[in-house]
Amino acid sequence: MSKILIVEDEESIADLERDYLELSGFEVEIENSGDVGLQRAVNEDFDLIILDLMLPEVDGFEICKKIREEKNTPVIMVSAKKDDIDKIRGLGLGADDYMTKPFSPSELVARVKAHLARYERLIGSSAQENEIIEIRGLKIDKTARRVYINDEEKTFTTKEFDLLTFLAQNPNHVFTKEELFQKIWDMESIGDIATVTVHIKKIREKIEVNTAKPQYIETIWGVGYRFKV
Ligand code: CA
(Lines give C-alpha, C1' and ligand atoms only; values in the text may rest on other atoms or scores of the structure.)
Protein backbone atom coordinates (compact mmCIF):
# COMPACT_ATOMS: atom_id res chain seq x y z
CA MET A 1 0.00 0.00 0.00
CA SER A 2 1.41 3.40 -0.93
CA LYS A 3 2.06 5.74 1.97
CA ILE A 4 1.39 9.42 1.52
CA LEU A 5 2.40 12.36 3.69
CA ILE A 6 0.23 15.48 3.65
CA VAL A 7 1.93 18.61 5.00
CA GLU A 8 -0.89 21.11 5.39
CA ASP A 9 -1.73 23.56 8.18
CA GLU A 10 -5.42 23.94 7.34
CA GLU A 11 -6.84 20.94 9.11
CA SER A 12 -10.13 20.84 7.20
CA ILE A 13 -8.28 20.66 3.88
CA ALA A 14 -5.82 18.08 5.18
CA ASP A 15 -8.69 15.93 6.49
CA LEU A 16 -10.57 16.16 3.21
CA GLU A 17 -7.49 15.15 1.23
CA ARG A 18 -6.83 12.28 3.61
CA ASP A 19 -10.41 11.00 3.47
CA TYR A 20 -10.41 10.82 -0.32
CA LEU A 21 -6.97 9.26 -0.52
CA GLU A 22 -7.86 6.67 2.12
CA LEU A 23 -11.01 5.81 0.20
CA SER A 24 -8.77 5.13 -2.79
CA GLY A 25 -6.73 2.71 -0.71
CA PHE A 26 -3.78 4.85 0.33
CA GLU A 27 -2.24 5.05 3.76
CA VAL A 28 -2.13 8.71 4.76
CA GLU A 29 -0.36 10.71 7.46
CA ILE A 30 -0.83 14.41 8.16
CA GLU A 31 1.57 16.97 9.58
CA ASN A 32 0.34 20.50 10.27
CA SER A 33 3.65 22.25 10.76
CA GLY A 34 6.48 22.74 8.32
CA ASP A 35 9.35 21.71 10.55
CA VAL A 36 7.89 18.35 11.59
CA GLY A 37 6.66 17.80 8.05
CA LEU A 38 10.15 18.35 6.69
CA GLN A 39 11.73 15.99 9.21
CA ARG A 40 9.30 13.22 8.42
CA ALA A 41 9.52 13.76 4.66
CA VAL A 42 13.28 13.37 4.75
CA ASN A 43 13.65 10.71 7.45
CA GLU A 44 10.75 8.39 6.62
CA ASP A 45 9.93 6.49 3.47
CA PHE A 46 6.81 7.99 1.98
CA ASP A 47 5.80 7.14 -1.57
CA LEU A 48 4.48 10.62 -2.28
CA ILE A 49 4.24 13.96 -0.49
CA ILE A 50 1.48 16.54 -0.82
CA LEU A 51 3.00 19.80 0.26
CA ASP A 52 1.23 23.05 1.04
CA LEU A 53 3.20 26.17 0.21
CA MET A 54 2.29 28.48 3.10
CA LEU A 55 3.10 26.70 6.35
CA PRO A 56 4.11 27.71 9.86
CA GLU A 57 7.79 27.28 10.84
CA VAL A 58 9.25 26.14 7.52
CA ASP A 59 7.46 26.91 4.25
CA GLY A 60 6.83 24.60 1.32
CA PHE A 61 9.60 26.16 -0.81
CA GLU A 62 12.22 25.25 1.73
CA ILE A 63 10.76 21.80 2.38
CA CYS A 64 10.69 20.93 -1.31
CA LYS A 65 14.27 22.07 -1.74
CA LYS A 66 15.43 20.00 1.23
CA ILE A 67 13.55 16.90 0.11
CA ARG A 68 15.18 17.13 -3.32
CA GLU A 69 18.63 17.30 -1.78
CA GLU A 70 17.94 13.93 -0.23
CA LYS A 71 15.38 11.99 -2.24
CA ASN A 72 13.34 11.59 -5.41
CA THR A 73 9.98 11.06 -3.71
CA PRO A 74 7.24 12.59 -5.90
CA VAL A 75 6.06 15.94 -4.51
CA ILE A 76 2.78 17.65 -5.37
CA MET A 77 2.79 21.26 -4.24
CA VAL A 78 -0.46 23.02 -3.46
CA SER A 79 -1.20 26.68 -2.89
CA ALA A 80 -4.20 28.95 -2.63
CA LYS A 81 -2.48 31.52 -4.80
CA LYS A 82 -2.06 30.97 -8.50
CA ASP A 83 0.75 33.57 -8.53
CA ASP A 84 2.72 31.51 -6.05
CA ILE A 85 2.34 28.42 -8.17
CA ASP A 86 3.71 30.30 -11.19
CA LYS A 87 6.58 31.53 -9.06
CA ILE A 88 7.55 28.11 -7.77
CA ARG A 89 7.34 26.59 -11.23
CA GLY A 90 9.83 29.21 -12.31
CA LEU A 91 12.18 28.41 -9.46
CA GLY A 92 12.51 24.82 -10.60
CA LEU A 93 12.51 23.42 -7.08
CA GLY A 94 11.90 19.96 -8.40
CA ALA A 95 8.27 19.45 -7.41
CA ASP A 96 6.56 16.96 -9.72
CA ASP A 97 3.22 18.73 -9.91
CA TYR A 98 1.43 21.87 -8.76
CA MET A 99 -2.20 22.41 -7.85
CA THR A 100 -4.09 25.58 -7.01
CA LYS A 101 -6.56 25.39 -4.13
CA PRO A 102 -9.44 24.80 -4.13
CA PHE A 103 -9.20 21.68 -6.26
CA SER A 104 -11.53 18.76 -6.48
CA PRO A 105 -10.45 15.84 -4.29
CA SER A 106 -10.98 13.45 -7.18
CA GLU A 107 -8.51 15.41 -9.28
CA LEU A 108 -5.99 15.17 -6.46
CA VAL A 109 -6.50 11.41 -6.28
CA ALA A 110 -6.06 11.10 -10.06
CA ARG A 111 -2.82 13.04 -9.97
CA VAL A 112 -1.50 11.10 -6.99
CA LYS A 113 -2.16 7.84 -8.86
CA ALA A 114 -0.48 9.14 -12.00
CA HIS A 115 2.65 10.23 -10.15
CA LEU A 116 2.90 7.01 -8.17
CA ALA A 117 2.59 4.98 -11.37
CA ARG A 118 5.24 7.07 -13.09
CA TYR A 119 7.58 6.79 -10.13
CA GLU A 120 7.10 3.03 -9.88
CA ARG A 121 7.90 2.72 -13.59
CA LEU A 122 11.10 4.67 -13.03
CA ILE A 123 12.12 2.55 -10.05
CA GLY A 124 10.96 -0.63 -11.77
CA SER A 125 12.89 -0.05 -14.96
CA SER A 126 16.13 0.57 -13.12
CA ALA A 127 15.46 -2.40 -10.83
CA GLN A 128 15.20 -4.71 -13.83
CA GLU A 129 18.61 -3.61 -14.98
CA ASN A 130 19.80 -4.32 -11.45
CA GLU A 131 22.56 -1.82 -11.86
CA ILE A 132 25.35 -2.17 -9.38
CA ILE A 133 28.82 -0.81 -9.91
CA GLU A 134 31.56 -2.50 -7.88
CA ILE A 135 35.12 -1.33 -7.90
CA ARG A 136 37.44 -2.63 -5.22
CA GLY A 137 35.70 -1.89 -1.90
CA LEU A 138 33.30 0.62 -3.41
CA LYS A 139 29.79 -0.49 -4.30
CA ILE A 140 27.26 1.83 -5.92
CA ASP A 141 23.72 0.51 -6.03
CA LYS A 142 22.14 2.66 -8.73
CA THR A 143 18.72 1.09 -8.21
CA ALA A 144 18.51 1.98 -4.55
CA ARG A 145 20.81 5.00 -4.91
CA ARG A 146 23.06 3.76 -2.14
CA VAL A 147 26.80 3.73 -1.70
CA TYR A 148 28.82 1.27 0.35
CA ILE A 149 32.47 1.15 1.29
CA ASN A 150 33.49 -2.34 2.38
CA ASP A 151 29.80 -3.09 3.00
CA GLU A 152 29.37 -0.04 5.21
CA GLU A 153 26.72 2.32 3.86
CA LYS A 154 27.68 5.97 3.39
CA THR A 155 25.11 8.75 3.17
CA PHE A 156 25.18 10.71 -0.07
CA THR A 157 23.24 13.76 -1.18
CA THR A 158 21.56 13.58 -4.60
CA LYS A 159 24.29 15.54 -6.36
CA GLU A 160 27.14 13.72 -4.66
CA PHE A 161 25.58 10.44 -5.71
CA ASP A 162 25.03 11.60 -9.30
CA LEU A 163 28.57 12.92 -9.57
CA LEU A 164 30.21 9.78 -8.16
CA THR A 165 28.04 7.51 -10.30
CA PHE A 166 28.76 9.48 -13.45
CA LEU A 167 32.51 9.31 -12.88
CA ALA A 168 32.43 5.61 -11.95
CA GLN A 169 30.43 4.83 -15.08
CA ASN A 170 33.06 6.51 -17.22
CA PRO A 171 36.27 5.17 -15.75
CA ASN A 172 39.66 6.44 -16.89
CA HIS A 173 38.04 9.31 -18.72
CA VAL A 174 39.27 12.75 -17.66
CA PHE A 175 36.47 15.28 -17.25
CA THR A 176 36.96 18.99 -16.74
CA LYS A 177 35.12 20.71 -13.91
CA GLU A 178 33.04 22.54 -16.52
CA GLU A 179 31.99 19.26 -18.12
CA LEU A 180 31.05 17.77 -14.78
CA PHE A 181 29.16 20.86 -13.75
CA GLN A 182 27.15 20.85 -16.97
CA LYS A 183 26.52 17.12 -16.75
CA ILE A 184 25.40 16.94 -13.13
CA TRP A 185 23.95 20.38 -12.40
CA ASP A 186 22.45 20.87 -15.80
CA MET A 187 20.61 24.18 -16.04
CA GLU A 188 19.63 24.37 -12.39
CA SER A 189 22.35 26.61 -11.10
CA ILE A 190 24.09 29.62 -12.45
CA GLY A 191 27.52 28.29 -13.25
CA ASP A 192 29.96 28.06 -10.43
CA ILE A 193 32.40 25.26 -11.08
CA ALA A 194 33.75 25.57 -7.54
CA THR A 195 30.65 23.53 -6.64
CA VAL A 196 32.27 20.56 -8.40
CA THR A 197 35.43 20.87 -6.28
CA VAL A 198 33.39 21.05 -3.09
CA HIS A 199 31.39 17.96 -4.02
CA ILE A 200 34.47 15.97 -5.00
CA LYS A 201 35.97 16.83 -1.62
CA LYS A 202 32.85 15.62 0.20
CA ILE A 203 32.71 12.42 -1.83
CA ARG A 204 36.37 11.68 -1.08
CA GLU A 205 35.81 12.19 2.63
CA LYS A 206 33.20 9.43 2.42
CA ILE A 207 34.90 6.89 0.16
CA GLU A 208 38.64 7.37 0.52
CA VAL A 209 40.82 5.96 3.28
CA ASN A 210 43.30 8.77 2.73
CA THR A 211 41.86 11.83 0.98
CA ALA A 212 45.40 13.08 0.27
CA LYS A 213 46.05 9.95 -1.79
CA PRO A 214 42.70 9.16 -3.39
CA GLN A 215 42.38 5.69 -4.86
CA TYR A 216 39.11 6.33 -6.68
CA ILE A 217 38.78 9.88 -7.92
CA GLU A 218 42.09 11.23 -9.10
CA THR A 219 42.79 14.93 -9.61
CA ILE A 220 44.40 15.68 -12.94
CA TRP A 221 46.03 19.01 -12.17
CA GLY A 222 44.99 21.82 -14.42
CA VAL A 223 42.45 19.59 -16.20
CA GLY A 224 39.91 17.96 -13.93
CA TYR A 225 39.10 14.55 -12.51
CA ARG A 226 39.32 10.92 -13.49
CA PHE A 227 37.87 7.82 -11.92
CA LYS A 228 40.63 5.25 -11.61
CA VAL A 229 40.00 1.55 -12.11
CA1 CA B 1 -1.30 26.86 4.36
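Which exposed residues does the face of H7 turned away from its buried side carry?

## Helix H7

That face carries Gln182 and Lys183, where exposed means over 50% relative accessible area, buried under 20%, and partly exposed in between (1.4 Å probe, protein chains only). This is a predicted model, in which local features need pLDDT of at least 70 and side-chain atom pairs count only at pLDDT 80 or more, while totals for chains, interfaces and linings use all residues. Residues are numbered from 1 along each chain as its sequence is written, and side-chain values use heavy atoms, with hydrogens and water left out.

The buried residues of H7 (residues 177-185) are Leu180, Phe181, Ile184 and Trp185; helices (H or I, at least four residues) and strands (E, at least two) are DSSP runs, numbered from the N terminus. These residues lie on the same side of H7 because they cover an arc of only 100° around the axis, taken from the directions from the helix axis to the C-beta atoms.

## The calcium site

The calcium ion is coordinated by Asp9 (OD), Asp52 (OD) and Met54 (O), at 2.1 to 2.3 Å; donors are N, O and S atoms within 2.8 Å of the metal (3.2 Å for Na, K and Ca), and since water is not among the atoms, sites may look incomplete. Aspartate 9 lies in the loop between strand S1 (3-7) and helix H1 (11-23), and aspartate 52 in strand S3 (residues 48-52), so the pair ties together parts that are 43 residues apart in sequence. Aspartate 9 is partly exposed, at 31% relative accessibility, whereas aspartate 52 is buried, at 3%.
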